[in-house]
Amino acid sequence: MFLGSAFVQAYSLPQSIERGKEVYTTFCQNCHMENGQGIAGTNPPLAKSDYLKHPVNDLILLVLKGQVGKVKVNGVTYDTPMLPLDYMTDEQIADALNYAKNSWGNKSAIAIIPAQVKKMRN
Ligand code: HEC
């Protein structure tokens with residue numbers, strides 16, 4: 001079957017989440033743990049994290065530039081620096097965030113796409 005619309009294929013959120021599982025294992029899991037629970041007292045959780053409801057650009061910037069200073073997650077304050085991960089590709093950052101935003105009880109129907117990450121690098 002041939003459809004003209006095949007040329008403007010939409011970004012697939014399910015596929016990004018699928019890729020994101022491996023990206024998360026490589027780049028995030030050491031600190032935020034496999035189940036997204038983090039490490040009490042030092043590394044905040046991503047599981048059911050209210051911080052993940054921040055505007056997408058803030059989340060992208062946090063991964064690109066790191067996060068230094070106090071941060072409050074689900075009412076608990078953390079103050080351990082997260083180092084910048086700007087050596088990750090645009091796609092890896094989008095996939096990792098889409099995975100985190102759709103795992104361990106988190107749900108977001110709106111995909112973060114690589115072009116948004118690219119824009120925040122400047
Ligand atoms: C070296 C350890 C480390 C790695 C690797 C790491 N983080 Fe973090 N992350 C932290 C710490 C520590 C904080 C809290 C920063 C603070 O206290 O200011 C944090 C905070 C966060 C936050 C905001 C608070 C929250 O819990 O919701 C998000 C979102 C986040 N990280 C996502 C990621 C993602 C996605 C990756 C992988 C691409 C990643 N982190 C990799 C240690 C890490």
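**The iron site and its shell**

This is a predicted model, where local features need pLDDT of at least 70, side-chain atom pairs count only at pLDDT 80 or more, and totals for chains, interfaces and linings use all residues. Numbering runs from 1 along each chain as its sequence is written, and side-chain values use heavy atoms, with hydrogens and water left out.

Which protein atoms are donors of the iron atom of the ligand? They are H32 (NE2) and M82 (SD), at 2.0 to 2.2 Å; donors are N, O and S atoms within 2.8 Å of the metal, or 3.2 Å for Na, K and Ca. This pair is 50 residues apart, with H32 in helix α2 and M82 in the loop between β2 (76-78) and α4 (90-100).

The six donor atoms subtend angles of 83 to 179° at the iron, so the arrangement is octahedral. That term requires opposite donors over 155 degrees apart and all others between 65 and 115. Ideal octahedral angles are 90 or 180 degrees.

Now the shell. The ligand is surrounded by 24 residues, counted when a heavy atom lies within 4 Å. C28, C31, H32, G69 and M82 are the closest.

Last, polar contacts, meaning N or O pairs within 3.5 Å. Ligand oxygen atoms lie 3.1 Å from a side-chain N or O atom of Q67 and 3.0 Å from a polar backbone atom of T80.

Methods: Polar contact = N/O pair within 3.5 Å; in protein donor to acceptor, adjacent residues only side chain to side chain. Tetrahedral: all angles 85-135°; square planar, octahedral: opposite > 155°, others 65-115°. Helix = DSSP H or I, 4+ residues; strand = E, 2+ residues; numbered from the N terminus.
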